[in-house]
Amino acid sequence: AVWIREVFFPVPPDADAETKASIRAAAEDLRANLLAGADFPALAAVLAHTPELRQVAGDQGYLPLHALPYLE
């Protein structure tokens, strides 16, 4: 199992280049803030993609490796 805290930036399958660039810029901005020392839970409470994840500041707790395809 792994402990997951995340902010996920979903990209719609039909997203155009401008939308993809905007989503990428938001992700890069988050990364830059974290590298500069920003508090992950505080940012995740605002930026997480669902209300449930915002409420727990992106903390999904421990998940088995097979729980999400990208963990395998």
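Modeller: A salt bridge is a side-chain nitrogen of Lys or Arg within 4 Å of a carboxyl oxygen of Asp or Glu. The model discussed here is predicted.

Colleague: Which residue forms a salt bridge with arginine 24?

Modeller: Side chains of opposite charge can pair when their charged atoms come close. The structure holds one salt bridge. In that pairing, the closest N and O atoms are 3.0 Å apart, and the partner of arginine 24 is glutamate 28.

Colleague: In which helix do arginine 24 and glutamate 28 both lie?

Modeller: The two residues are four residues apart, about one turn of the helix. The helix that holds both spans residues 17-35 and is H1.

Colleague: Is arginine 24 buried or exposed?

Modeller: A residue counts as exposed when its relative accessible area is over 50%. Arginine 24 has a relative accessible area of 56%, and therefore it is exposed.

Colleague: What is the relative accessible area of glutamate 28?

Modeller: Partly exposed residues fall between the buried limit, under 20%, and the exposed limit, over 50%. Glutamate 28 is partly exposed because its relative accessible area is 45%.

Colleague: Which pattern does the protein follow along the sequence?

Modeller: The protein contains three helices and two strands. Read along the sequence, these elements follow the pattern β-α-α-α-β.

Colleague: How far apart do the centres of the positive and negative side chains lie?

Modeller: The protein has 5 positive side chains and 10 negative ones. The distance between the centres of the two sets is 5 Å.

Technical notes: Residues are numbered from 1 along each chain as its sequence is written. This is a predicted model: local features need pLDDT of at least 70, side-chain atom pairs count only at pLDDT 80 or more; totals for chains, interfaces and linings use all residues. Side-chain values use heavy atoms; hydrogens and water are left out. Buried means under 20% relative accessible area, exposed over 50%, partly exposed in between (1.4 Å probe, protein chains only). Lys and Arg count as positive and Asp and Glu as negative; His and the chain ends are not counted. The place of a charge is taken as NZ of Lys, CZ of Arg, CG of Asp or CD of Glu.
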